Structures are given as structure tokens and as C-alpha cells.
Amino acid sequence: MDLKGKVAVVTGGSSGIGLAVAQRMTTEGAFVYITGRRQTELDKAAASIGQQIATFQGDVTIAADLDRLYASVQSEKGRLDILVISSGMAEFAKFEDITEDHYDRTFDLNARGTLFAAQKALGLMPRGSAMVLVGSVADSIGTLGYGTYNASKAAIRSFARTWTRELASRGIRVNVVSPGPTETPMTEAAPKEVREALTNLIPLGRMGRPEEIAAAVCFLASDESSFIAGAELCVDGGMTQV
């Protein structure tokens, strides 16, 4: 998966899957901008990667922050070859406990943030570039207490289908990587009983590792997947496949 000379943006790149993606992409030769809300976490992430990396403190739910991000990329690199949208959140709330605030926070980041992070990047993306959206196998299953999260990830899967149609003439591919339960700070924050129940559903008998998800993301971002578009690649240890 040679990414030498590519310019990439990874939103939510300061931890978890986003950080693993940035690490793998720099190893493959790309120059990567990672974004996140907390500069201290971005600095730690950049230090762990060491080279071919730049940080941008901002919030994908704020239009002005996205504008500043892409203005920086345009000024410094002139183009954007790969966009990976990995920003996301999950909060446990059973159906009867869902509040308007819970719903708005979840959809604002997971769905709205994805939409406008992608839309505002278009002017920088040349023919042959790629978008990879980090979804979740939750887009097609029902997980107790995560109805809002699941629905927001279903929106991401739907975006990829429509954007593939709309961007094909511009030579921009859009695909989704949908992880199963993965060892990240997000899953570590879930209730123990939820983590155990999810692990029991995985035929391989364990949660995924961020680097395993990153490998799939880099494949879909690379020219090795040049005839793959509008697809969802489930990286879930067989959880939703058998």
C-alpha cells in the first residue's frame, strides 16, 4: 500500500483508530494532518509518530475550524489526496433514557461532522483521490443502549453510497471501513457488561486492535483499491458475517 507523496487528513487522529491510521499512513510514505479538539493529545500523538505529521486543533462540528484546516492544507501542500473521517463518539443510553441533548451531541459529531468535513474538502481533492469514512458494524445491528450511535453510523453508510454516485465523475472514490468492537478509549468507556456481551458475539473471540482497522483504511485509501467504490469493508472478526 504505497502512499509515498500522498497528502492525507485524518480527523479524530489523536487517539484510537484515527491515531493508528495516521501512524500506518506515515509508515507508507504519506504526509498526514491529524485533527482533534485537544492540543495536548495531538502533541502526544505527533510525538509518537515522529515524522511526516502535522497537527491541527479544531472541531469538525464547527464550520470555521474546518475552513481553517483546509486553508492550511491548501497553503502548505496545495492538494488533499486522502481524507479519513474518524471523528466519532458513542454514549450509552437506553431508548427510554435518550434525551434531546444526547441525540444532538451524537448526530452533530458522527453524522453532521462527517458531512461537512467531507464537503469542505472537495475543492482540494484531485482526480484519483479517496475518502474513507470510519463507520461501524453498528450501522446494521441493534446494540442495547446504543440506538442513537447505531443510527448515526447508518447515516455514514448511506452517505458513502450517495457520494459515490455524486463524485464518480470527479474521480473521487468513497468507501467505508466498519470496525467491530475494537480496543479503543471509546470501547473502554463502555459498561463492562456491554464489552463482554460484544466480545462474546465475535467468532475470533476477541476485540480488534486499532492497527488492524488502520490496515483496512489504508488499503481503501491506496491505489490498490482503485476499482472499489461505495463499499463497506467490515473489520469485525466475523461478528456480522457468520
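The following questions and answers concern the fold and packing of a predicted model.

Q: How many helices and strands does the protein chain have, and why can the chain be called as compact as a globular protein of its length?
A: The protein chain has eight helices and seven strands. For 242 residues the globule rule gives 18 Å, and the radius of gyration is close to that value, so the chain is as compact as a globular protein of that length. The radius of gyration in question is 17 Å.

Q: What percentage of the residues of the protein chain count as buried?
A: A residue counts as buried when its relative accessible area is under 20%. The protein chain exposes about 11,200 Å², of which carbon and sulfur atoms supply 51%. Of its 242 residues, the share that counts as buried is 52%.

Q: Among contacts between residues at least 6 apart in sequence, what percentage join residues at least 24 apart?
A: A contact requires heavy atoms within 4.5 Å. Among the contacts in the protein chain between residues at least 6 apart in sequence, the share joining residues at least 24 apart is 71%.

Q: Which residue in strand E3 is the bridge partner of Tyr33?
A: Strand E2 (residues 31-36) and strand E3 (residues 53-57) run parallel and are joined by five bridges. Together with helix H2 (residues 39-49), E2 and E3 make a right-handed β-α-β unit. Within E3, the bridge partner of Tyr33 is Ala54.

Q: Which helix makes a right-handed β-α-β unit with strands E5 and E6?
A: E5 and E6 pair in the parallel sense over five bridges. In this pairing, the partner of Ala130 in E6 is Arg173. The helix that makes a right-handed β-α-β unit with E5 and E6 is H5 (residues 147-167).

Q: Are the two faces of strand E6 covered or uncovered?
A: In a regular strand the side chains alternate between the two faces of the sheet. On one side of E6 lie Arg173, Asn175, Val177 and Pro179, and on the other Val174, Val176 and Ser178, all of them buried. Seven of the seven residues of E6 are thus buried, and both of its faces are covered.

Q: How far apart are the end C-alpha atoms of helix H8?
A: Helix H8 (residues 210-221) has 12 residues, and at 1.5 Å a residue it should span 16 Å. The distance in the model agrees with this expectation, the end C-alpha atoms being apart by 16 Å.

Q: Which helix do the buried residues of H8 pack against?
A: The buried residues of H8 include Ile213, Val217 and Leu220. The buried residues of this helix pack against strands E4 (82-85), E5 (130-134), E6 (173-179) and E7 (232-235), and against helix H1 (16-27).

Q: Is Leu198 buried or exposed?
A: Leu198 has its place in helix H7 (residues 192-200). Beyond its neighbours within four places in sequence, Leu198 is in contact with Thr143, Pro181 and Met239. The C-alpha atoms of Leu198 and Met239 are 8.8 Å apart, although 41 residues separate the two in sequence. At 17% relative accessibility, Leu198 counts as buried.

Q: Is Phe95 buried or exposed?
A: Phe95 is found in the loop between E4 and helix H4 (100-119). Its C-alpha atom is 7.0 Å from that of Gly147, a residue 52 residues away in sequence. With a relative accessible area of 75%, Phe95 is exposed.

Definitions and conventions
Residues numbered from 1 in each chain as written. Predicted model: local features only at pLDDT ≥ 70, side-chain atom pairs only at ≥ 80, totals over all residues. Heavy atoms only, no water. Pairing = 2+ DSSP bridges. Helix = DSSP H or I, 4+ residues; strand = E, 2+ residues; numbered from the N terminus. Right-handed = clockwise from strand over helix to strand, strands pointing away. Rg over C-alpha atoms; globule rule 2.2 N^0.38 Å. Buried < 20%, exposed > 50% of the residue type's maximum accessible area, 1.4 Å probe, protein only. Areas by Shrake-Rupley, 256 points an atom, 1.4 Å probe, with all protein chains shown as cover. Expected span 1.5 Å × (residues − 1).
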